[in-house]
Amino acid sequence: MGIRVIPANTLVYDQLDWYQGDFFTRISGLNATNFAVVLFVNNVVTVWPLVTGVGVTDAQVKSGNLYLQELVAGYYGLRFRPNALGYWRVDIRYAAGTQAVSLDYDV
């Protein structure tokens, strides 16, 4: 996936996919504690924790956190609100499955 262009202070939605060793069967039942995340803003590490998005409405999503939730079995959504202009990159690693996703945004 390429870089997405997002206006500052706009809610970002993205989907994350995690698979069993067969690379076909989705993994269900994961939560924020199953992942390691690194957020870069203009190539500088920025500490925003990955927290549960369960029960959090879009209006409640605030800058400073990355919100993860299982949308339906095996399908995961990420929401966050970038609060500064520049190049944003979110790297999320599922260590138990040795899988990673990198998401890029031009804010």
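## The nonpolar core

A nonpolar core is a set of buried Ala, Val, Leu, Ile, Met, Phe, Trp, Tyr and Cys residues joined through side-chain atoms within 4.5 Å. With that in hand, let's look at this model, which is predicted. Its largest nonpolar core has 25 residues. Inside this core, the residues with the most contacts are Leu16, Trp18, Leu78, Phe80, Val90 and Tyr105. Strands S2 (12-16), S3, S6 (66-72), S7, S8 and S9 (99-106) each supply at least two residues of this core. The most comes from S8, which gives four residues.

Setting aside residues up to four places away in sequence, Leu16 touches Leu68, Tyr76, Leu78, Ile92, Val101 and Leu103. One of these, Leu78, is also listed with Leu16 among the residues with the most contacts inside the core.

## The chain as a whole

Along its principal axes, the C-alpha trace of the protein chain spans about 40 × 30 × 20 Å. The radius of gyration is 13 Å, which agrees with the value near 13 Å that a compact globule of 107 residues would have. Buried residues make up 37% of the 107 residues. The protein chain exposes about 5,900 Å², and carbon and sulfur atoms supply 57% of that area. Among contacts with a separation of 6 or more, 52% link residues 24 or more positions apart.

## The five-stranded sheet

Five strands form an open sheet in the order S1-S9-S8-S3-S4, with mixed pairing. Which strands stand at the edges? They are S1 (4-5) and S4, and because each has a single partner strand, one side of each is left without a neighbour in the sheet.

Within this sheet, S3 (residues 36-41) and S8 (residues 87-94) run antiparallel and are joined by six bridges. Ala36 has Arg93 as its bridge partner in S8. On to S4 (residues 44-46): S3 pairs with this strand in the antiparallel sense over three bridges. Val41 is partnered by Val44, and Leu39 by Thr46.

S3 and S4 form a hairpin with two residues between them. Asn42 lies in the loop between these strands, and its phi near 55 degrees is a positive value in a residue other than glycine. Asn42 counts as partly exposed, because its relative accessibility is 42%, between the limits of 20% and 50%.

S6 and S7 also form a hairpin with two residues between them, and here the turn holds Gly74, with a positive phi of about 85 degrees. These two strands pair in the antiparallel sense over five bridges. S6 has a parallel pairing with S5 (residues 50-52) as well, over three bridges. In that pairing, the bridge partner of Val51 is Tyr67.

## Arg79, a buried arginine

Tyr67 leads us across to S7, where it stands opposite Arg79. Arg79 is found in strand S7 (residues 75-80). Is Arg79 buried or exposed? Arg79 counts as buried because its relative accessibility is 8%, and the cut-off for buried is under 20%.

The side chain of Arg79 makes a polar contact with the side chain of Asp58 at 2.7 Å. Leaving aside neighbours within four places in sequence, the residues in contact with Arg79 include Leu11, Tyr13, Gly53, Val56, Asp58, Asn65, Tyr67 and Gln69.

## Phe23, an exposed phenylalanine

Phe23 is another residue worth a look. Its place is in the loop between S2 and S3. Phi of Phe23 is near 60 degrees, a positive value in a residue other than glycine. Phe23 is exposed because its relative accessible area is 65%, and exposed begins over 50%.

Terms used:
Residues are numbered from 1 along each chain as its sequence is written. This is a predicted model: local features need pLDDT of at least 70, side-chain atom pairs count only at pLDDT 80 or more; totals for chains, interfaces and linings use all residues. Side-chain values use heavy atoms; hydrogens and water are left out. Buried means under 20% relative accessible area, exposed over 50%, partly exposed in between (1.4 Å probe, protein chains only). A polar contact is a pair of N or O atoms within 3.5 Å; within protein, one must be able to donate a hydrogen and the other to accept it, and residues adjacent in sequence count only if both atoms are side-chain atoms. Contact means heavy atoms within 4.5 Å. Two strands pair if DSSP finds at least two bridges between them. The radius of gyration is taken over C-alpha atoms; the globule rule is 2.2 Å times the number of residues to the power 0.38. Accessible areas come from the Shrake-Rupley method with a 1.4 Å probe; for residues, only the protein chains shown count as cover.
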